[in-house]
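Student: I have a model open and want to go through a few local features. Can we start with a pocket?

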Amino acid sequence: MENYVKLDVIKRAELRAARRRAREKYCDDLKPQIGNDAGEEMKLLLRLYDERILEWYANLFDPEIGGFYYSNSGRDTEGYLPDIESTVQALNSLETAGILKGGARTLPEWVQKKVLAFAQSLQDPEDGYFYHPQWGKKVAVSRRGRDLSWATQIIRSLGGTPKYPTPVDRAVKKEESTLPDYLKSTEAFKEYLGGMDLATNSYFIGNLLNSQQMQIKAAGEEFVEMLFTWLEEHQRPDNGAWQEAVNYHGANGLMKISLIYSYFARPMKYATEAMEYAVNVAMCDRYIHFCCQFYNPLVTVSNLLHSLEVAGAKEEREKAYAKLLELAPGLIRRTKEKIMTCRREDGTFSYTPHGTSYTSQGAPVALYEELEGDVNATAMSSTGTVRALCRALCIPMPPFFTEEDREAFLELLCRVEQKPKINPKPKDMFFGNR
């Protein structure tokens, strides 16, 4: 369609040439640290990413609302609107890629104002949480918790403040609490945790607790201590995870829980065993069912290396890192192979090898079974995975994109026009648990 912004052929060729030179120099410079084979594998990995991602991001932006859609089908279909998670994920990924070097404050001023107004408009004056008009208030606990985090993050990064006290603000200031009932007394929180089975469902539970970590912190130190006591009671000393089997599901749970430890700056027990668990899953050749299965183990590895550092376990950390360097060529290659299963023809990435996820934390964001990229998966499969690899290998981020790419993207963003809805609203916009 006419109002979908694109780069011209000459500009595209120039960008690719400049990007190739910068990336190859980066990889060659790394070889003394990570080895020739790993450097060459990194070159192959970086070839997966090109300027089409930038075009796609620009075309997901709604210049009237001030947010990014999750997917093309969401953008083009009645009943779907931009959401705060996709907006912040897109901006964070663009920052990591070097397009927005100063974060959201690098955006054109008019875009900053639109994004800020969009985030602020979602807040409910009664409880201080952030809700979307297309979803309403009947959303999953994880959806509500994540949107609280995303919205407050982008509002403050743009120099704004929430319009009303958030649940966290109210708890800290001892005002009438709008936190969930199970965060209003330690007895209720103990009962809440007691109903969870980490041994069989650590991924769902880890995600649920990770999405509420801001609220748990606001509830008070006694709630934080209770959480970590409970986690450590259920952690397995033989593998450092919360499930016995060494598989994607257990690694995903380990990753979500490791994020909680990172958020509270707590060293994790059995970090060496947990890291070996995560590396084994990252290196396995099992079929992936969704992109978190190659992304999460790498994030876990980088988190656990940091945990060993926080704990002062210098010798353990050095041994773990040395072993990781030995595995680096195979780790990068295996990761690239898994990423490619989610790559789409337009250079973006979808949540599963068979297409996008039509819900995000239970809320509808795309048409069912669309073979298309989505913001969550594209951010994870590109800058997210590369950043996790780089953190684990203790190397700097590559020149994912160049200064020329940055200028081209900002030009595209300023040319974006409001896009008409071309698909009718589905009869049943499914709310699920994914």
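Student: Which residues lie nearest the centre of the second largest pocket?

Tutor: This is a predicted model. In it, Lys-6, Trp-56, Asn-72, Arg-75 and Asp-346 lie nearest the centre of that pocket, out of 17 residues that line it.

Student: What volume does the second largest pocket have?

Tutor: About 380 Å³.

Student: And which helices each supply at least two residues of the lining?

Tutor: Helices α3 (52–60) and α4 (72–76) do.

Student: How do the lining residues divide into nonpolar, polar and charged?

Tutor: The lining of the second largest pocket has 10 charged residues, four polar and three nonpolar.

Student: New topic. Where is Ser-142 found?

Tutor: Ser-142 belongs to helix α7, which covers residues 141–157.

Student: Is Ser-142 buried or exposed?

Tutor: Ser-142 has a relative accessible area of 8%. The cut-off for buried is under 20%, so Ser-142 counts as buried.

Student: What does Ser-142 touch, leaving out residues up to four places away in sequence?

Tutor: Asn-207, Leu-208, Ser-211 and Gln-361. With Gln-361 there is also a polar contact between the two side chains, at 2.7 Å.

Student: On to helix packing. At what angle do α1 and α18 pack?

Tutor: Helix α1 (residues 9–34) and helix α18 (residues 403–415) pack at about 145 degrees, and their axes are 9 Å apart.

Student: Which residues make the contact?

Tutor: From α1, Lys-11, Leu-15, Ala-18 and Arg-19 take part; from α18, Glu-404, Asp-405 and Ala-408. By class, the residues of this contact are four charged and three nonpolar, with no polar ones.

Student: Last topic, backbone. What is the phi of Tyr-270?

Tutor: Tyr-270 is not a glycine, yet its phi is positive, about 55 degrees. Most residues other than glycine have a negative phi.

Student: Where does Tyr-270 lie?

Tutor: Tyr-270 sits in the loop between α13 (248–263) and α14 (271–283). Its relative accessible area is 29%, and Tyr-270 is partly exposed.

Student: What about the phi of Cys-394?

Tutor: Cys-394, also a residue other than glycine, has a positive phi near 60 degrees. Its place is in the loop between α17 (375–393) and α18.

Student: How accessible is Cys-394?

Tutor: Its relative accessibility is 34%. Partly exposed is the range between under 20% for buried and over 50% for exposed, so Cys-394 counts as partly exposed.

Terms used: Residues are numbered from 1 along each chain as its sequence is written. This is a predicted model: local features need pLDDT of at least 70, side-chain atom pairs count only at pLDDT 80 or more; totals for chains, interfaces and linings use all residues. Side-chain values use heavy atoms; hydrogens and water are left out. On a 1 Å grid over the protein atoms alone, a cavity is a set of points where a 1.4 Å probe fits but cannot get out, and a pocket is an open set with protein on both sides within 12 Å along at least five of seven lines; lining residues have an atom within 4 Å of a point. Grid points are joined across faces, edges and corners, and a volume is the space filled by probe spheres set on the points. Helices (H or I, at least four residues) and strands (E, at least two) are DSSP runs, numbered from the N terminus. Ala, Val, Leu, Ile, Met, Phe, Trp, Tyr, Cys and Pro count as nonpolar, Asp, Glu, Lys and Arg as charged, and the others, Gly among them, as polar. Buried means under 20% relative accessible area, exposed over 50%, partly exposed in between (1.4 Å probe, protein chains only). A polar contact is a pair of N or O atoms within 3.5 Å; within protein, one must be able to donate a hydrogen and the other to accept it, and residues adjacent in sequence count only if both atoms are side-chain atoms. Contact means heavy atoms within 4.5 Å. Axes are lines fitted to C-alpha atoms, for helices over the stretch in contact, and angles run from 0 to 180 degrees between N-to-C directions.
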